[in-house]
Amino acid sequence: MEANGQKVFDDYVVKQDEQFRPCLTELRRIILNIMPAAEESFSYQAHCFKHVYMLVGIGVTKEFCSLYTMSPPLVKSMKDELKDYKASGATIHFKPAEPLPLAIITKIVLARAKGNELLALSRGKK
């Protein structure tokens, strides 16, 4: 984890309601455990992770924590696995006290990483 990524996250999370902070912190930890070299930034009104291209983002709404998959087709393909969560477009919303399972987060992050790598190869980018 790079220090700048931690600062970007700290600046974001301190502005969020207390009920969301543990969930956001855990989501960040999980994502960085899966993709330790992911670059962190603030974009799209969310804390984002980049691996070649935008990977995923995390954020909140009034009631929910959100995982932004940046891929509506991925969310659609996981419809059955996400049936217990509110999914809309590329976003999965869930109550802070009822986090997404590690297996789902892992599947999403790895699928996005692979998709980004394949896209980069198709564009001749290393």
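**Salt bridges in the predicted model**

Mentor: In this predicted model, the side chains of R29 and E26 form a salt bridge, with 2.6 Å from N to O. Both residues belong to helix α2 (residues 21-34), where they stand three residues apart, about one turn of the helix. R29 is partly exposed, at a relative accessible area of 39%, and E26 is likewise partly exposed, at 34%.

The structure contains six salt bridges, and two others may be set beside this one. K7 pairs with D11, and their closest N and O atoms are 2.9 Å apart. K7 and D11 are four residues apart in helix α1 (residues 3-13), which means that about one helical turn separates them. K7 has 47% relative accessibility and therefore counts as partly exposed; D11, at 36%, also counts as partly exposed.

The remaining pair to consider is K107 with E81, whose side chains meet in a salt bridge at 2.7 Å, N to O. This pair links distant parts of the chain: K107 lies in helix α4 (residues 102-122), whereas E81 lies in the loop between α3 (72-77) and β5 (86-88), and the two are 26 residues apart. K107 is partly exposed, with a relative accessible area of 40%. E81 is partly exposed as well, with a relative accessible area of 35%.

Notes: Residues are numbered from 1 along each chain as its sequence is written. This is a predicted model: local features need pLDDT of at least 70, side-chain atom pairs count only at pLDDT 80 or more; totals for chains, interfaces and linings use all residues. Side-chain values use heavy atoms; hydrogens and water are left out. A salt bridge is a side-chain nitrogen of Lys or Arg within 4 Å of a carboxyl oxygen of Asp or Glu. Buried means under 20% relative accessible area, exposed over 50%, partly exposed in between (1.4 Å probe, protein chains only).
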